[in-house]
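Please read the following report alongside the sequence and the model.

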Amino acid sequence: MEAVSTSAPAFPKAPPFLRAPAFLAILPGVALTAAIAAAAYGLCLLLAIGALSPMILAILLGVGLRNLFGAPAWAAPGIAFSLRKILRFAIALLGLQLSAAQIIDVGFTGLAIIAATLVATFCFTTRLGRWLGVEPELARLIAAGTSICGASAVVAANAITRARDEDVAYAIACVTVFGTLAMVSYPALADLARLGPRAYGLWAGASIHEVAQVIAASFQHGREAGDFGAVAKLSRVMLLAPTLLTLAFMAGRGARGAEKFSPPFPWFVIGFLALVGVSSIVAIPPDAKAAIATTTTILLSMALAAMGLETDIAALRAKGLRPLALGLAASVFVSGFSLALIEAFFR
């Protein structure tokens, strides 16, 4: 007669970060990055400066704390958790800000211009970076931030390239500075180019770095330009997913040595695409969508605060001006290339 087991059924173990000792270890560091993100969000609301998102302020605050007071050892596990787990979750959540209907509204020609601009800018920036002698990882981060969506693209690309935190901080500084300059100069340049509302909105959405900067610049030419610019920019954000998958493939192929480096498969990109599908099928109420967008921004700000806490200004200075020149050249290229395509095919 077969013995009957009286032991309790085996349930799946909780994820490592939810087990008591691990959870207690990450809690102080996560609380620190959350406090920095909250301070950045509060400052952004208080200052009401469209060019500076909470993400940018968070990394600035993190860098300031690190270089004035040092990085506290007790916060290290939570800082690492914010840089990896929270970052990937936040990138996946970006998918709920997009839908197939929004992308279709841009039209085939508009989408083709956005895609061609992204590919051309990324290739131009990485090749010019090689010619200037900029480290390949840093050049890729500047290329991602310039061609896709600023700081969000930089930190997302770093989840694949695994560059140093100083490289990430430098790339974010580049895309912030030159994106801000574009935001300020585009309205005047649009008058010189005699662009209509939709053409101007497409230009802003296809070439200015941050979402907030696109909105600030495009709405200066009226509601139609602003709405079209925002949708064009979100369509460009959609291309973050294939870009990251391509980077992961390139990282695996480009590895050297007997034991090839195998980058982790970016499952958060699959989550991003899945949530785009959810947003396309399910009508998310505007209030819920706004709350999700705010949550995503706060989570990304926590990740950037963690990055700032691990950034050494002396290491940034040591990189010199060549990466800055690369960021400037990339920004000029993305602006000129997209405008040429709009002049040729979208008028």
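Leu47 has a relative accessible area of 46%, so it counts as partly exposed (buried means under 20%, exposed over 50%, and partly exposed in between, with a 1.4 Å probe and protein chains only). Leu47 is part of helix α1. Together with Leu43, Leu46 and Leu61, Leu47 makes a nonpolar surface patch of about 350 Å². Helix α1, residues 20–47, supplies the largest share of this patch, three residues. Patches are made of residues with over 30% relative accessible area and no salt bridge, with nonpolar side chains (Val, Leu, Ile, Met, Phe, Trp, Tyr) joined within 5 Å and like charges within 9 Å. Helices are DSSP runs of H or I with at least four residues, numbered from the N terminus.

This is a predicted model, in which local features need pLDDT of at least 70 and side-chain atom pairs count only at pLDDT 80 or more, while totals for chains, interfaces and linings use all residues. Residues are numbered from 1 along each chain as its sequence is written, and side-chain values use heavy atoms, with hydrogens and water left out.

The largest pocket has a volume of about 810 Å³. Of the 29 residues in its lining, the closest to its centre are Gln97, Val211, Ile215, Ala293 and Thr297. Helix α13 (286–309) is among the elements that give two or more residues to this lining, and α13 gives the largest share, seven residues. The lining of the largest pocket has 18 nonpolar, eight polar and three charged residues.

The second largest pocket holds about 440 Å³ of space. Its lining has 19 residues, and Phe122, Cys123, Thr126, Leu247 and Met250 are the closest to its centre. Helix α4 gives the most to this lining, nine residues.

A pocket is an open set of points on a 1 Å grid over the protein atoms alone, with protein on both sides within 12 Å along at least five of seven lines; lining residues have an atom within 4 Å of a point. A volume is the space filled by probe spheres set on the points.

**Two single residues**

Cys149 lies in helix α5 and is buried, with 4% relative accessibility.

Arg194 is in the loop between α7 and α8. Its relative accessibility is 71%, so Arg194 counts as exposed. Most residues other than glycine have a negative phi. Arg194 is not a glycine, yet its phi is positive, about 55°.

**Salt bridges**

Side chains of opposite charge can pair when their charged atoms come close. A salt bridge is a side-chain nitrogen of Lys or Arg within 4 Å of a carboxyl oxygen of Asp or Glu. By this rule there are three salt bridges.

| Pair | Closest N and O atoms |
|---|---|
| Arg164 and Glu135 | 2.9 Å |
| Glu135 and Lys319 | 3.3 Å |
| Lys319 and Asp167 | 2.6 Å |

Asp167 is buried at 1% relative accessible area, and Lys319 is buried at 15% relative accessibility. Glu135, at 31% relative accessibility, is partly exposed, and Arg164 is partly exposed at 45%. These four residues, Glu135, Arg164, Asp167 and Lys319, are linked in a network of salt bridges.

Terms used. Areas by Shrake-Rupley, 256 points an atom, 1.4 Å probe, with all protein chains shown as cover. 1 Å grid on protein atoms, 1.4 Å probe; cavity = no way out; pocket = protein on both sides within 12 Å on 5 of 7 lines; lining within 4 Å. Nonpolar A, V, L, I, M, F, W, Y, C, P; charged D, E, K, R; others polar.
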